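Let us walk through this structure together, one topic at a time. Please keep the sequence and the 3D view open as you read.

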Amino acid sequence: MDAPTFEELIAEGEAVPVEGWDFSWFEGRATEARPSWGYARGMARRLARAEAALDIQTGGGEVLHSAPALPLLTVATEGWPPNVARATALLGPRGVAVVASPEDAPLPFADGAFDLVTSRHPVRTHWAEIARVLRPGGTYYSQQVGQESVFELAEYFLGPLPEEAYRARDPEEARAAARAAGLDVVDLRAERLRMEFHDVAAVVHFLRKVIWIVPGFTTADHLPRLRALHERISARGPFAAHSSRFLIEARKPAHA
């Protein structure tokens, strides 16, 4: 069978739905090493011990749904309407209430409502709100995008990024922000992880799905660079980049 043409690969990458955080479509087309700490497993262990849990920016609910056991009171928030619908369909049968809440809005919950708050790859962490909704002794557990994540791909399309972009998402800034909100940071780890894109369709789908890498990405705007990338992958093999992740766990003092 002949290899797909550039035009066929572009069309395929544009056709794949981008709702939720299911990355199974990339199987055989792109790879990304996983952090050593195993966020989903750590989240599941904490959920099994919790009484009331909140998952912030749950996406399509896939990570929360992967936990074998959930507290009797489990709530998730999400700001993007297609993901709200997806998460409700997935999590509703398990008794999880999915609340449509904009990412920058205050959390629509009472003070001290939860003993566990989780979030995988939040756009931004609202530390004061997290501290407010946590019970004394409660825990915030989160995996976040770190510094210079997938910058190789971003700079391929955009050129050199500004210096402030290289300083953003510093794990130590997250530590300082957590402390400023009155939380004690009990774990902070960071890793840089290799990614490979095996065809240009995978690049197109990734940039449509992970919208902050190349903001406003469209194939029409970047067609010459996509064609050059297709030719590069065909001649030299996968395009390599590196994701950056950090794990942070913080607790609200029991006497708070």
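A word on exposure comes first: a residue is called buried when its relative accessible area is under 20%, exposed when that area is over 50%, and partly exposed in between, using a 1.4 Å probe and protein chains only. What you see is a predicted model, in which local features need pLDDT of at least 70, side-chain atom pairs count only at pLDDT 80 or more, and totals for chains, interfaces and linings use all residues. Residues are numbered from 1 along each chain as its sequence is written, and side-chain values use heavy atoms, with hydrogens and water left out.

Let us begin with charge. Side chains of opposite charge can pair when their charged atoms come close. Here a salt bridge means a side-chain nitrogen of Lys or Arg within 4 Å of a carboxyl oxygen of Asp or Glu. How many salt bridges does the structure hold? There are 17 of them.

One of these joins Arg192 to Glu152, with 4.0 Å between the closest N and O atoms. Arg192 belongs to strand 7 (residues 184-197) and Glu152 to helix 6 (residues 151-158), so this pair ties together parts that are 40 residues apart in sequence. Helices (H or I, at least four residues) and strands (E, at least two) are DSSP runs, numbered from the N terminus. Both partners are partly exposed: Arg192 has a relative accessibility of 43%, and Glu152 has a relative accessible area of 27%.

Another salt bridge links Asp187 and Arg189, whose closest N and O atoms are 2.8 Å apart. Is Asp187 buried or exposed? At 18% relative accessibility, Asp187 counts as buried, while Arg189 is partly exposed at 37%. Elsewhere, salt bridges that share partners connect Glu12, Arg29 and Asp199 in one network. Arg194 pairs with Glu196, at 3.0 Å between the closest N and O atoms, and Arg194 is partly exposed, with a relative accessible area of 44%.

Now for a charged residue without such a partner. Asp55, in strand 2 (residues 52-55), is buried yet has no salt bridge. The nearest side chain of opposite charge (Lys and Arg count as positive and Asp and Glu as negative, with His and the chain ends not counted) is that of Arg120, 9.2 Å away.

On a 1 Å grid over the protein atoms alone, a cavity is a set of points where a 1.4 Å probe fits but cannot get out, and a pocket is an open set with protein on both sides within 12 Å along at least five of seven lines; lining residues have an atom within 4 Å of a point. Grid points are joined across faces, edges and corners, and a volume is the space filled by probe spheres set on the points.

The structure has one cavity of 30 Å³ or more. The largest cavity contains about 140 Å³ of space. Its lining counts 18 residues, and Ile56, Gln57, Glu103, Leu107 and His126 are the closest to its centre. Strand 3 (73-78) and helix 5 (127-133) each supply at least two residues of this lining.

The largest pocket has a volume of about 770 Å³. Among its 32 lining residues, Phe23, Glu32, Arg34, Arg120 and His121 lie nearest its centre. Several elements each give at least two residues to this lining, including strand 1 (30-32), helix 2 (39-49) and strand 7.

Finally, visit the loop between strand 6 and helix 6, where you will find Glu148 and Val150. Glu148 has a positive phi of about 55° although it is not a glycine, and Val150 likewise has a positive phi of about 55° without being a glycine. Glu148 is partly exposed at 29% relative accessibility, whereas Val150 is buried at 2%.
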